[in-house]
Amino acid sequence: MTDPTPQRTVRLTVAQAVVTYLSRQYSVADGHRRRLIPAALGIFGHGNVAGLGQALDQLSDELPFIQGRNEQALVHIATAYGKANRRHSTLAVTASIGPGALNMVTGAGLATVNRLPVLLLPGDTYATRHQGPVLQQLQHPIEADTSVNDAFRPVSRFFDRITRPEQLLTALPAAMRALTDVDTGAVVVSLPQDIQSHAYDYPVEFFAERDWTIRRPAPDADEVAVVARMLAEAEKPLIIAGGGVVYSGATEELEALADAAGIPVAETFAGKGAVQRRAWWGLGGIGLEGTQAVNALAREADFVLTVGSRLTDFATASHSIFENPDVRFASINVNVHDADRLGATGIVADAKRALAALTDAVRANGTTTSAGWQEKVRELDARWQALRTAALDPDTPFDHSTADPDVVSDTDALLTQGQLIGLLQEHAQSGDTIIAAAGGPPGDLQKVWDATEGRLAHLEFGFSCMGYELPAAIGVRLAAPDASKRVLSLLGDGTFLMAPTELVTAAQERLPLTIVIPENHGYQVIHRLQMGRNGREFGNEFRYRDGSLEIGSHKPARLEGDYLQVDLVKTAEGLGARALRATTADEVRAALADTRDHAGPVVLVVPVIPHADLPGAGVWWDVAPAEVSEQETVAQLRREYEEGLASQRWYG
């Protein structure tokens, strides 16, 4: 008996093996092949500099490295890159052990909630344990093998800790499968500090180029037939388009179904821009930050088809928006759990393929909505469009005499946030992307932004994470390097002050992107909610303390003085951006025009009138005022809330 031919091997450290492997992985979708992980981002510390740091340096031609300032922000960059690439490609992010690793947990949660791929490579404490408790090691009293990296487990789609070099042979392929799965999210490969530098004789074949197919699950014909029959029986149908339509590239199929059957289409935050063609049935946002027209139609709808959404409480108004007692639900989703939301009849499949099959069935059945339903859609939308136009008009001065008493009139602001959005809409061109994630901007954009005809909207509202917007602009720009297509983030002054430091990264990489800050002196969207649930302001506006703090005193002074004076322009300039302040409509127009071709980050600060909001959506939201309070205002708001509970339903 002869010996088998020995397997060819190459001796590499664990870190070198990880970097080499990642540089040779490809995704394949619809016949298009691209690098799955084309670059890495990171911040080095003692937990990753000698291992991954050395490997990334040695192999920088194969896997370029981008230096960052905040680990959470780096995860946001990679996640936004993945979203801009429709989940076909993402970036790797490395951080040191302890606080560096834990800083990435929030970003991991955002990626997983939004079903977006990101690869995280946190350093971890020593696997050998020869060293005793080491710097930044968590010592759990019962679970001796626990480190802070175990915090990633509940917010990740896949987690593995490498304690021996050969474990990469199974761990890395499993990580790639999770990244290219239809139900993807954060993928975490935890790398103990010592193990990163350990060497092993890896099979040469392990590092061969490999393709990972991003599948499009086909719909079951019987499921399509059932939903087609439900649609044929409906008199007032409505489609809700979610992020799955965008990720699947199913816009044309969605538009074909709406056209064929005459069905109005609403959009979730993630689904903003799912409809690209202007048509009578394309209506915009639904729910708490939706349009009055869409929400009125949702109340009457007797059949609701959801495509690629998990229907959070913002979309359903906490299960109160669908008032028709005979309403039935169907859903298209790659995730079986999301496909049965609200007791829906599900088609568990890729949105593009399922919509195409459903459209064929609709055409075969001759299904179409009545002239009466279509006329109602047009009528309600026309009313809303008149309100929208007036709210966005930047050239008509805001009328303080008819404003809500809560509106602040004594700042230097001349424009409302809605009017600023009107100016951004006026400036937007096909191929431009607007980004928002937390506070007032994403809700306002969901309500009034026209994301048709190539004006892209990148709204992160699954996790609604303050601090996502600026790094997301970097991620989108890395995914779409054509500088003629503007990448613009709209974020409040509160969000900017929380996490401005990736401006340095944008300046370092000479990335053309624009940050627009509507300066309204606080966390004003939460102020609005607070006024509606508590009846008074507390801790949300940026005000000086009216006196000294004197902690421990009987009655310390409160934050009720004048607005803080913070120079956001100087802050942005100090971080490497070209920064401007514009107060009038014409100044904003000029600033946008003058900076469109700037070869680096731009920050535009625009004071806006505090508490001057867009027209309301007219729906209820389940946020409960205190059940017991000494304040009569709170007691009254509680009574109103309990009346609203009567509209909340269980659908199945």
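Mentor: Gladly. This is a predicted model, in which local features need pLDDT of at least 70 and side-chain atom pairs count only at pLDDT 80 or more, while totals for chains, interfaces and linings use all residues. Residues are numbered from 1 along each chain as its sequence is written, and side-chain values use heavy atoms, with hydrogens and water left out.

Trainee: What makes a space a cavity, and how many cavities of 30 Å³ or more does a search of the whole structure find?

Mentor: On a 1 Å grid over the protein atoms alone, a cavity is a set of points where a 1.4 Å probe fits but cannot get out, whereas a pocket is an open set with protein on both sides within 12 Å along at least five of seven lines. The search finds 6 cavities of 30 Å³ or more. The largest cavity has a volume of about 700 Å³; a volume here is the space filled by probe spheres set on the points, with grid points joined across faces, edges and corners.

Trainee: How do you know which residues line the largest cavity, and which lie nearest its centre?

Mentor: A lining residue has an atom within 4 Å of a point. For the largest cavity 44 residues line the space, and Arg87, Gly243, Gly244, Tyr247 and Gly308 lie nearest its centre. The largest share, 4 residues, comes from α9. Helices such as this one are DSSP runs (H or I, at least four residues), strands are runs of E of at least two, and both are numbered from the N terminus.

Trainee: What classes do the residues of that lining fall into?

Mentor: The lining of the largest cavity has 17 nonpolar, 16 polar and 11 charged residues. Ala, Val, Leu, Ile, Met, Phe, Trp, Tyr, Cys and Pro count as nonpolar, Asp, Glu, Lys and Arg as charged, and the others, Gly among them, as polar.

Trainee: How much space lies in the second largest cavity, and what lines that space?

Mentor: About 90 Å³ lies in the second largest cavity. Its lining includes Leu424, His427, Trp449 and Arg486.

Trainee: Why is α3 called oblique to α18?

Mentor: Their axes come within 7 Å and cross at roughly 40 degrees. Angles under 35 degrees count as roughly parallel, over 145 as roughly antiparallel, 65 to 115 as roughly perpendicular and the rest as oblique, so α3 is oblique to α18. Axes are lines fitted to C-alpha atoms, for helices over the stretch in contact, and angles run from 0 to 180 degrees between N-to-C directions.

Trainee: Which residues meet where α3 and α18 touch?

Mentor: Contact means heavy atoms within 4.5 Å. Among them, Ala73, His76 and Tyr81 in α3 meet residues of α18 including Pro471, Gly475 and Leu478.

Trainee: What makes α15 and α16 roughly perpendicular?

Mentor: The axes of α15 (residues 371-392) and α16 cross at roughly 95 degrees, and that angle makes α15 and α16 roughly perpendicular to each other.

Trainee: Why is α11 called roughly antiparallel to α15?

Mentor: Helix α11 (residues 292-300) packs on α15 at an angle of about 150 degrees, with their axes 8 Å apart. Therefore α11 is roughly antiparallel to α15. The contact between α11 and α15 has 8 nonpolar, 1 polar and 3 charged residues.
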